[in-house]
Structures are given as C-alpha cells and as structure tokens.
Amino acid sequence: MYMTLSEFFDCTKSNQELHGDYSEDLLEARTIFLQAYNTLARLDPLIDVRFAYASRGDATNVSDAVAGRMQQLESLVSEKFSKATVCSSFVGAKELLQLYRKVRDDDFVLPFVSSLTHDENNYVVIATLRDYYNFVKDDEGKLRRYLFDSNVRDFLGYNNVNGDIDYTLKNPSVANFWWLNNGITILANNAHVTGHSLHLRTVQIVNGLQTTETLYRHFAGGNVESLDKNILIKILTSQDVDVRTNIIQATNNQSNVMSYSLHATDDVQRNIEDVLRRENFYYERRDHYYKNEGMPEDRSITPLELAKCFLAVVYLNPAIASKLKNKFMRNSLSYNAVFNSDFPIDKWPFLAALWLDAGKVFRQVYLKKFGDILHPWRPLVAYCVVARMFGKLNFSLKNIVTLKLKDLRADLISEVWEFVAPFMTKFEASSRNKLKKPHQVYNVVIKEFAMKYNLNGVEAVNRRILQRVDQLPTQGVELTEDFIERVRLLLPAQPWKPGMYRDLCARLQVRPSCVYEAIDVLIDRGIVHEQKNGVVYDEAGNVLMVDPTRCRFTVAELNADIARRGREHSSIMKPLRKEPLVK
C-alpha cells in the first residue's frame, strides 16, 4: 500500500506514467479522484482518508512493525494533502465475525388492526394472520429466516403444541386465533406508527418462531383458512445489548427450552458455529436448526456433547463429563469454564470430530453387540485417544493447542474402543445414558490403559473439578479443593461409625449434603474407600475392613463369599443393624 499510494497520490503523474501494474477499475477511480480534487482545489477541499488492515489475527495484539507501517501510511497522506483527515483501524477475526453477522438494516411495514397500548416506541398490536404472513415472507414467498437469528431454537416439528396451532389454523370455526396463542415478540431498533401501520427497522423475532413457522407452512401450502384471523404481537425497541439479552432469555424461559439454547445468541456460541461450519460440522446452538435443514446427524453436534468432549480432554476428566447434564449451562461459573473466548477457537473442530468419530466407530462395530450404551463410554474413549496421541495421560493445554484435525485417525479410535470393549461387559451400565460410579470405573480402565501402553500421569486423571449447579452446597459453601481438603483432614479412620458425618457438619458449619459431596470426591479419587453398612471396599469391590459392631463376618469370610457369588448376590452381606449409607 505504501508504494502504491506514493505514486497514486502524486498529482503530477498521469496514469500512463505509473510504474505499477494496476487494474482498469483502480486507474479509473484514480482519474475520477484527481479530476475532482483539481477542480475543487481553489475551494480548499477537505479529504477524509481511512485505512483498514483486515486479517484473521487478533486486532488487540498488533506487532510494532505492522503498527509502524500504518503510521507511515498516515504520514504519507498528510504530506500529500495538508488538510487531510486520516484514520486507520485493524480488523481481526472478531471484528470480521461482527461485520459478517451484522443484521440487515431492512425497513419493514406491519399493518395492524388495533393498537392496545404503547409507551416510548414500544407497542402491543393485533394484526391479521394475512398481514403477519406477508411480513415474514420475502418477495419470492420464502420465510425470512434471518429474522429468527436471535431466537434460541429452531422449529421443533409438529409436536403437541405446534399440532394444536395447525389444527386451529385449519378450523376457522374455532375461537379467534389470538385468544388461544401467546403471540409474537419482536425486537427492533426503531418503531413508529403511521396510520394503521407499524414501520420497523432492524427486526428480530425473539419469541414465536414455532407459531410463525407453523402458520407459514400452512399458508405457503396454499391454504386460505384463517387468513382473516388475528394474532397478538409485542414490539419492543432497544439497542442496549444487555436489555435485548434479558428480553430474549425471559421470553424463552417460560416453556421447556434446553438450557444450552438460552446461550444460543452468545458470541462464543456463534463463533463456535462458524468455525465448525468451515469444517462441515453443524453446531446445534439453536435447538433443531440443522436437523430441520436436513443436515446429516453424524456431522451434527450439540453444545452439551461438545462440552462433554471439552471436559474429557481439556479438563482430563472423562468421569465428570459422563455425568454432565444440560443444567450446568444455567450456572455462569460452569458455563464460562467450558465456553470461554480464551480457548483457541480453531481447536473446537478437533473436539467435534473426535466426539462424532468416536460415536461413528461404536455404531459401526459395537452397536449390535452391546446395544445403544455409547453415551456412558464415549468421554472415556475421547480422552484415551488424545492420551495415545501424546503418549501420556497428563497432557496440558499447550499440548492440546498443537492438535490438528488431520491428526485424528480412525484406526486409533478403533484401537481404543477395542481396549474399552471388555470393560463395557464387566461394568454394565444401569441404562443407555448412565454408568454406576463412573469415577471408579474409569479409574480402573485408565490404570489398565496406562499399563498396556506405558503411559505416565495417572494421578492427573479425573482430578480437576467443574463447578456445577448440582455441586453447590445448600448453605453457600462451594465444593472447592480447599473445602474437600478440610473434610479429608477431619475424617476419622475407617470404618466410620454411624453418625460420623454429624460431627463433621457441626465442625464445618455446613449441611450434610456438603459433606456427602466432598466424601464422594475423595472416594472417586481413591483417597478414602467406599463404605456401606460398616463394610469398607476397595475400587475392585473387595472387602478391606469391617466394623465388628455392625457386621458379624470377618474380612476373609466376606471376600470368599463375594468371590463365589459376587457382591450384589452375597448371602452373608447382611449387617447386624441397618444403617444409612455413609458415602
């Protein structure tokens, strides 16, 4: 640019005297500029020059060399034109995404029958279904889907609710439509009324997609029933980002919406969707969106699934990943721990591919043998695949950022599944989605895995904790490492006596649930052992010790009977007195 502008802004040279090889369009633009400048020179014209340097880099971290070159450009223009105003900007990946997603500044007109109320450009109106149908479709008769970009989910199909809407549309004798429907919520940057029409700018329909899609399909199919029925529409105008976000969440938090859908409009979720789409993956940040578009399921992944893979690989904790539920996204601590802008965005495609390919291999090889019990084991397989790639179990984030999509091999995933398969028989899942005590089961598998492939770092696995909603104690005490350590130091030697936890609760000033959670973690980590009815077990289920006041059999007798019958079917596993389980 510097060399180009040095001669481009030289008013003494004609286009034929330029040394560079320039396009005809550029030369024509130069000619127009010089003619205008020379014509207006006597009027002392003001010139406004703006430079923009765009790349996929970080605009907040520009090197001194690049910044210095930009200053040279600004100085060059100032020398050529004494009264020029010069400004420059750096446009990085984040800024490009914002420009790409900029909502179309289309003006819309929505006729209405009556306006119920309004205040400061906010309106509640009744419109006919005919006018609303024309409002949401374009000139080609297609639904303007970009109007729903801020909606937290896509069309859910003809479920009970949408089926009822469709029935109402097809039966004009039913009560007026707006009596039976919750209506539509529209966000706009500006709105004003002229006669019986609302003029709206920059429109987003944030609630009412199910209604809109159902009536669009009804009328687009050629049906004319209910065209003259009415619909209730609420129009809210605000350009404040926080206000708009609150409206989106509030209007979508009144029915059964996936927790992850309430974050569908977050920047980080949009960024993940974009980077996955580049690799032909479909990120269902808006529930059912790509499913409705007919995209293949084996290339589609939900935020919950991606979060599970993140925890298994980045947190080195496949056990906590296997138990993860949608509600973790309702807690800002746990949500931000997974979905944050600090994690390299170009690594999400690797995690998505790892998760989806693990499922693909299982369905191809093991589905007929084991049935649909993929879910409890996939986090473990994902973690073990990456461990094999690095040759260690305690790989770090610095290792993870070196991963490339092309490095993921199907044969390695198959190899890990082959290793895990025998354990799937040994540790039977209680259901297709749940494995009993995944921490203990995974620890057993990982130790065997480490021995087979000579991998170090077993002590790092399943240690890091994700703060979840269901892990927060009821009395304001967080399940932190510090709290867990305090519980460990106060625990007496096993076997614990009945009511042991009451003393801990009194000394720590917390409720029993807090102590139970901490002891659960200590058991999962192998620091203390599982205890039931005065009998203490190791990770393999063998008896280590007994409380003679609560169990009438010796350790040797119990282990012998377990060896013959199995722990669940042992005929002598009956305590002298029934005591509640102390975890």
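**Close-up views of a predicted model**

**View 1. Thr202 in strand S7.** Thr202 belongs to strand S7, which spans residues 197-207. The model shown here and in the following views is predicted. Although Thr202 is not a glycine, its phi is positive, at about 55°. With a relative accessible area of 8%, Thr202 is buried.

**View 2. Asn533 between strands S11 and S12.** Asn533 is located in the loop that links strand S11 (530-532) with strand S12 (535-537). Its phi is near 55°, a positive value in a residue other than glycine.

**View 3. Packing of helices H5 and H8.** Helix H5 (residues 129-136) packs with helix H8 (residues 209-220) at an angle of about 100°, and their axes are 10 Å apart. H5 is therefore roughly perpendicular to H8. Helix H5 contributes Leu129, Tyr132, Tyr133 and Val136 to the contact, while H8 contributes Thr212, Leu215, Tyr216, Phe219 and Ala220. This contact comprises eight nonpolar residues, one polar residue and no charged residues.

**View 4. Crossing of helices H17 and H19.** Helix H17 (residues 378-390) and helix H19 (residues 410-426) cross at roughly 125°, their axes coming within 9 Å. The two helices H17 and H19 are therefore oblique to each other, and their crossing is right-handed. On H17 the contact is made by Arg378, Val381, Cys384, Val385, Arg388 and Met389, and on H19 by Leu412, Ile413, Glu415, Val416, Trp417 and Val420. Nine residues of this contact are nonpolar, three are charged and none is polar.

**View 5. The cis peptide bond at Gln494 and Pro495.** Gln494 and Pro495 are joined by a cis peptide bond with omega of about 0°. Pro495 lies in the loop between helix H21 (481-490) and helix H22 (500-508).

Notes
Residues numbered from 1 in each chain as written. Predicted model: local features only at pLDDT ≥ 70, side-chain atom pairs only at ≥ 80, totals over all residues. Heavy atoms only, no water. Axes fitted to C-alpha atoms, helices over the stretch in contact; angles between N-to-C directions. Helix = DSSP H or I, 4+ residues; strand = E, 2+ residues; numbered from the N terminus. Parallel < 35°, antiparallel > 145°, perpendicular 65-115°, else oblique. Contact = heavy atoms within 4.5 Å. Nonpolar A, V, L, I, M, F, W, Y, C, P; charged D, E, K, R; others polar. Left-handed = near helix turned anticlockwise from the far one by under 90°. Buried < 20%, exposed > 50% of the residue type's maximum accessible area, 1.4 Å probe, protein only.
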